[in-house]
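Me: I'd like to learn how to read this structure, one feature at a time. Could you walk me through it?

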Amino acid sequence: LAVYQLAEEYTAIENSIRTETVYYNDAAKDYNTSIKTFPNNILANFTNFKEKPYFKADAGAQKAPEVFK
């Protein structure tokens with residue numbers, strides 16, 4: 001039972017991370033588009049707003065560690 005609960009929580013955490021990554025990247029895309037679009041680009045250049053980077057996992061991070069064997 002404890003292993004089953006741990007597996008469920010592990011899956012929920014992975015799903016939450018994936019969801020928040022998509023949410024962040026969507027927000028970054030909207031922000032980056034906004035500061036490049038007239039008339040926002042004038043204010044963005046004047047106040048030195050910069051593009052926000054997209055979240056990208058480090059190499060090898062796509063392979064989840066083996067927790068349950």
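Me: Is Asn32 buried or exposed?

Reply: Start with the source: this is a predicted model, where local features need pLDDT of at least 70, side-chain atom pairs count only at pLDDT 80 or more, and totals for chains, interfaces and linings use all residues. Residues are numbered from 1 along each chain as its sequence is written, and side-chain values use heavy atoms, with hydrogens and water left out. Now the idea: buried means under 20% relative accessible area, exposed over 50%, and partly exposed in between (1.4 Å probe, protein chains only). Asn32 has 4% relative accessibility, so Asn32 counts as buried.

Me: Where is Asn32 found, and which residues is Asn32 in contact with, leaving aside neighbours within four places in sequence?

Reply: Helices (H or I, at least four residues) and strands (E, at least two) are DSSP runs, numbered from the N terminus. Asn32 belongs to helix H1. Contact means heavy atoms within 4.5 Å. With neighbours within four places in sequence set aside, Asn32 is in contact with Glu51, Lys52 and Tyr54.

Me: And what does Asn25 touch, not counting residues up to four places away in sequence?

Reply: Asn25 is also a helix H1 residue, and is buried because its relative accessible area is 19%. Not counting residues up to four places away in sequence, Asn25 touches Tyr54 and Phe55. For polar atoms there's a separate rule: a polar contact is a pair of N or O atoms within 3.5 Å; within protein, one must be able to donate a hydrogen and the other to accept it, and residues adjacent in sequence count only if both atoms are side-chain atoms. Here, a polar atom of the Asn25 side chain lies 2.7 Å from the backbone nitrogen of Phe55.

Me: How many salt bridges does a search of the whole structure find?

Reply: A salt bridge is a side-chain nitrogen of Lys or Arg within 4 Å of a carboxyl oxygen of Asp or Glu. Searching the whole structure turns up one. In that salt bridge, the side chains of Lys36 and Glu51 meet at 3.0 Å, N to O. The pair links distant parts of the chain, with Lys36 in helix H1 and Glu51 in the segment after H2, 15 residues apart. Lys36 counts as exposed at 52% relative accessibility, while Glu51 counts as partly exposed at 46%.

Me: How many aromatic pairs are there in the whole structure?

Reply: Rings of Phe, Tyr and Trp (its six-membered ring) pair if their centres lie within 6.5 Å; planes under 30 degrees apart count as stacked, over 60 as edge-to-face and the rest as tilted. The search finds one such pair. The ring centres of Tyr31 and Phe49 are 6.5 Å apart and their planes sit at 85°, so this pair is edge-to-face. Distant parts of the chain are linked here too: Tyr31 is in helix H1 (residues 2-36) and Phe49 in the segment after H2, 18 residues apart. Tyr31 is partly exposed, with a relative accessible area of 24%, and Phe49 is partly exposed at 44%.

Me: What about the whole protein chain: how many helices and strands are there?

Reply: The protein chain has two helices and zero strands. Of its 69 residues, buried ones make up 9%. Among contacts between residues at least 6 apart in sequence, 54% join residues at least 24 apart.
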